[in-house]
Amino acid sequence: MLSYSPSLGGGRGEALKFGDMNLSQFLMMRHELLLTAAALIILIAEIATADSAKRKLIPFTIALFAMVTVAGFFPVPEGTLFGGSYQSNPLTALMKNVLNIGVLIIFLQAEGWLKRPENSDRISEYFLLTVSTLIGMNFMISSGDFLMFYIGLETATIPIAGLAAFDRIRSRSAEAGIKLILSSALSSGVLLFGLSLIYGVTGSIYFTDIAQTITSNSMVALGFIFFVSGMGFKISLVPFHFWTADVYEGAPINVTSYLSVISKGAASFIFTIILFTVFKTLTEMWKPVIYTLAVFTMTVANLFALRQQNMKRFLAFSSIAQAGFLLLGILGNNDLGMSAVVYFVLIYIFTNLGAFGVVEAISNASGVETIDGYNGMYKTNPKLSLLMTLALFSLAGIPPVAGFFGKFFLFTAAAGSGYYILVLIAVLNATVSLYYYLRVVRAMFIEKSDNPVPTFKSSAYMRTALIICVAGIFAVGFASVIFDTIREISQNFLY
Amino acid sequence: MIEGIPIQHFLIVSTIMFFIGIAGFIMRRNLITILMAIELILNSVNINFVIFNRYLYPDQLQGHFFAIFVVGIAAAEASVAIALIINIYRKLKNIDVENVNELRY
């Protein structure tokens with residue numbers, strides 16, 4: 001074991017001692033090491049393939065990433081590295097695996113878009129940028145101090161701006177990129193200001209030290225407000241959500257699904273961990289804040305979603321509303337809340353990627369992206385319509401599908417801590433959300449159209465991705481072993 | 001410890017810088033100026049970290065290290081942002097935010 005444990009004022013000298021650190025300890029970082037290796041292999045493969053054979057990079061990278069995903073499921077040793085900056089435990093490993101599964105589905109869905117002529121010379125760029133953001137997210141989830149957290153957060157954010165501006169011919173894509181980088185830079189600035197105040201009070205940037213010395217005073221409260229505002233930008237909570245709809249609409253659909261599922265999932269994981277560990281003694285201070293944010297996020301996002309016509313904007317507001325539901329789990333503030341958050345994100349990955357997959361397949365085949373454009377789609381594309389219906393039912397939380405169980409555990413966690421009024425508001429919001437989800441279903445099944453989306457057959461990659469999503473939507477809901485495993489891991493981590 | 005200057009003065013400067021940055025981000029119309037506003041915010045954070053470290057916890061270096069990393073990451077962020085601004089400029093021949101309005105709330 002690593003002999004050094006972080007202590008006040010001990011940051012100098014001791015952390016640099018590598019003598020008693022053997023190389024096998026680096027295996028704690030297996031997820032990050034594998035992803036870094038994958039990134040380097042993608043770079044080498046890009047150099048090694050001829051210009052005419054660049055398309056072969058797609059199946060190659062997907063196979064490579066599938067191996068990385070499978071390798072992530074082997075147990076990871078527990079412990080800390082770099083003087084407490086990096087921590088590894090079963091919970092972080094679980095979160096990284098959840099994100100890996102999501103990225104694998106997104107890679108499968110990207111195939112049709114990457115094969116377009118204007119993208120064919122930049123296939124490896126897409127994969128490289130995505131994998132490097134994922135490395136940042138993994139370091140962020142595993143961070144043991146605020147410096148590692150901040151570096152991970154930025155590594156996860158900066159390349160996404162490049163991805164959002166990936167479509168060279170659409171000026172909207174460039175616009176989405178600049179909006180994303182500027183708003184995320186602002187949010188990191190605000191977040192850092194909060195962290196600097198917390199550092200000023202506690203004298204440490206290590207999570208464990210801060211948790212021991214932090215007390216409730218006005219400066220900590222101010223720092224905490226800044227911190228929550230910064231994280232609110234990243235998770236796109238109301239009132240910090242203004243960039244979301246614009247960026248989601250402008251970015252390529254594949255990048256939008258990455259932003260709405262993986263980015264948001266990773267940020268909410270670390271937000272939950274920090275609230276449960278660093279600010280554990282200040283629950284009386286942060287609970288009202290999260291309560292208010294949850295109410296506003298659910299209500300405002302639902303009201304905005306009602307009037308959207310573009311499918312991407314519609315799903316953007318729906319994903320903001322889902323983040324509001326996620327806060328209910330955080331309010332639970334116990335192992336049930338933690339496991340409800342992880343479980344909900346896992347379901348949300350399958351559900352939302354299913355919905356985005358259908359939107360992407362239709363957009364690739366016919367260019368239609370509006371809800372009205374989906375009129376009469378059941379006649380021409382019955383399978384895709386059914387899949388979309390399933391995904392939307394799961395997002396709305398209708399009983400037989402997984403989304404219901406995800407919401408159920410979040411509500412149980414909040415009710416367990418006595419937030420009955422909040423649960424009531426959430427249930428009302430879930431009912432409102434049913435209306436706009438069913439609007440899309442109505443367009444596909446009931447509305448008639450003179451020129452519906454023509455019948456098309458999506459590629460084998462897209463079909464595989466969609467089948468994984470459907471399997472996930474059913475399996476995660478019905479197999480209780482999945483929730484039990486997550487629950488067990490969270491219990492061991494927190495208590 | 002710097003002779004004759006209490007910690008409050010530094011904190012007042014950094015707080016004023018932070019809010020000038022926020023105001024500049026909201027009010028300025030030129031994308032490059034918005035980027036400068038963000039740099040102001042990040043540098044106010046750096047002042048905070050370094051000053052807290054120097055005055056309150058002089059026996060350690062965590063704040064200084066944090067400031068160094070913030071400088072480095074701010075540079076990375078600025079380079080990507082400027083690349084994207086050039087991208088916008090090539091399309092619109094203009095870098096005023098009023099023109100970056102194809103997407104609206």
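How many residues does the contact take from chain B, and how many from chain A? It takes 39 residues from chain B and 34 residues from chain A. Three helices of chain B, namely α1 (7-27), α2 (31-56) and α3 (62-92), each supply at least two residues of the side that touches chain A. The largest share of that side of chain B comes from α3(B), with 17 residues. Bear in mind as you read on that this is a predicted model.

The residues on the side of chain B that touches chain A divide as follows.

| Class, side of chain B touching chain A | Number of residues |
|---|---|
| Nonpolar | 28 residues |
| Polar | 7 residues |

**Chain A as a whole**

Let's turn to chain A, which has 20 helices and 2 strands. Its C-alpha trace spans about 70 × 60 × 45 Å along the principal axes. A compact globule of 495 residues would have a radius of gyration near 23 Å, and the 22 Å of chain A agrees with this. Of the 495 residues in chain A, 60% count as buried. Considering contacts in chain A between residues at least 6 apart in sequence, 80% join residues at least 24 apart.

**The nonpolar core**

Which residues have the most contacts inside the largest nonpolar core? They are A164(A), A266(A), L328(A), V342(A), L410(A) and L84(B), in a core of 208 residues. Helix α14 of chain A, residues 335-366, gives the most to this core, with 20 residues.

A164(A) is a handy place to start exploring. Leaving aside residues up to four places away in sequence, A164(A) touches S173(A), A176(A), G177(A) and L180(A), and also V247(A), G250(A), A251(A) and V255(A).

**A closer look at α1(A)**

Helix α1 of chain A covers residues 30-48, 19 residues in total. From first C-alpha to last, the helix reaches 26 Å, close to the 27 Å expected at 1.5 Å a residue. Buried in α1(A) are H31(A), E32(A), L34(A), L35(A), A38(A) and I42(A). Why do these buried residues line one face of the helix? Seen down the axis of α1(A), they fall within an arc of 165°, so they line one face. They pack against three helices of chain A: α2 (57-71), α3 (90-109) and α5 (123-141). On the other side of α1(A), the exposed residues are A37(A), L40(A), I44(A), I47(A) and A48(A).

Key:
Residues are numbered from 1 along each chain as its sequence is written. Chains are lettered from A and ligands numbered from 1 in the order in which they are written. This is a predicted model: local features need pLDDT of at least 70, side-chain atom pairs count only at pLDDT 80 or more; totals for chains, interfaces and linings use all residues. Helices (H or I, at least four residues) and strands (E, at least two) are DSSP runs, numbered from the N terminus. The radius of gyration is taken over C-alpha atoms; the globule rule is 2.2 Å times the number of residues to the power 0.38. A residue is buried if 20 or more other C-beta atoms lie within 10 Å of its own, exposed if 12 or fewer, and partly exposed in between; C-beta atoms are placed from the backbone. Two residues are in contact if their C-beta atoms, placed from the backbone, lie within 7 Å. Ala, Val, Leu, Ile, Met, Phe, Trp, Tyr, Cys and Pro count as nonpolar, Asp, Glu, Lys and Arg as charged, and the others, Gly among them, as polar. A nonpolar core is a set of buried Ala, Val, Leu, Ile, Met, Phe, Trp, Tyr and Cys residues joined through C-beta atoms within 7 Å. The expected span of a helix is 1.5 Å times one less than its number of residues. The arc is that of the directions from the helix axis to the C-beta atoms.
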